[in-house]
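Biologist: I would like to learn how to read some features of a model. Could you take me through them, giving the general idea before the case at hand?
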Amino acid sequence: MFDKNLEKNTIAMMDLLPDASVNARAESPLAHLDQFHSHTNIDTDSISLQEKPFLGHLLLRGNADNTAFKDAIKKVLLCELPKTLACIYTNELSICWVSPDEWLILCEGDKAYKLEKKLREALVGHYSLCNISGGQTVLVLSGHHAHDVLMKSTSYDVADCSFPIGKAVTTTLAKSQAIICRKDKTTWELIVRRSFADYIWHYLHDASSEFK
Amino acid sequence: MFSIYCPHCCEYREEEEFHAIGEAHIARPVDPDALTDAEWASYLYIRKNPRGLHHEQWVHAIGCRKFFNITRDTVSYEIKETYKIGEAPAFVA
Ligand SMILES: [Zn+2]
């Protein structure tokens, strides 16, 4: 039987971040690199590899053709959801297309709970919203050789004509996979699974070394 | 390079992003309890193995992770078309 409560979005939510009274420390999947950081950080004009840790990752699913869904999203995010293989950057958010009914919203880590709440209050009917912040992290590969590093790391064509600024593609990266977003001419954001973050970091570090 | 067109991503992608799942257009019986063992076994296990055009289910596993169908020639391996689940193939034997 149809549950009337579904319409009211009575779904248990919790802020995944502990408040100050709890003696806990957030750890990025690359936290163990800290002790070697002077060795592992690459940061030159040619090539730079940085982690953007502790962002809020919200995975949204719904029917992009449903007017109520679209209106609710627009009300909360103040923009439309990106179309096929696109990503958009606003002041507070970045949103990328993952599949025809799936989008990944990235925001500041401490804003994720508030955003999830606002979305749940606005959305009705059949949709899904999941905080997956703990499951993945963002690596930023930039510099004028970033393109060269990607060229040998993924089978996807990263040339300007097939991978313009504002495109987002889930594809193979080294022996793993990533969502690759092109933010500007020389900046690429790679969204990777937590369990593969260490492998991909070391892989990219090695792949970048010839361009340092 | 061997590229397959994903009807959900609307572009050609490397073959290594895809997985073949098997024969397409197999409808689940509406009332499995009413089936004989032979009928149920046929639904679960018995598959076509044609020489020529074959309709197959594939998944864009390292990509949009959506399922879709391919019409493929089992002799030449040529992919005739890819189409979404629920759509009818344009190439039929
Ligand atoms: Zn796809």
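**Reading a metal site and a helix**

Modeller: At 0% relative accessibility, B:C6 counts as buried, where buried means under 20% relative accessible area, exposed over 50% and partly exposed in between (1.4 Å probe, protein chains only). This is a predicted model, in which local features need pLDDT of at least 70 and side-chain atom pairs count only at pLDDT 80 or more, while totals for chains, interfaces and linings use all residues. Residues are numbered from 1 along each chain as its sequence is written, chains are lettered from A and ligands numbered from 1 in the order in which they are written, and side-chain values use heavy atoms, with hydrogens and water left out.

Biologist: Which residues coordinate the zinc ion?

Modeller: Donors are N, O and S atoms within 2.8 Å of the metal (3.2 Å for Na, K and Ca), and water is not among the atoms, so sites may look incomplete. Here the zinc ion is coordinated at 2.0 to 2.4 Å by B:C6 (SG), B:C9 (SG), B:H60 (ND1) and B:C64 (SG). B:C6, in strand 1 (residues 3-6) of chain B, and B:H60, in the loop between strand 4 (53-59) and strand 5 (67-73) of chain B, are 54 residues apart, and the pair links distant parts of the chain; strands (E, at least two residues) and helices (H or I, at least four) are DSSP runs, numbered from the N terminus. B:H60 is also buried, with a relative accessible area of 0%.

Biologist: Which residues of helix 4 of chain A are buried?

Modeller: In helix 4 (residues 112-122) of chain A, the buried residues are A:A112, A:L115, A:E116, A:L119, A:R120 and A:A122. The face turned away from the buried side of helix 4 of chain A carries the exposed residues A:K114 and A:E121.
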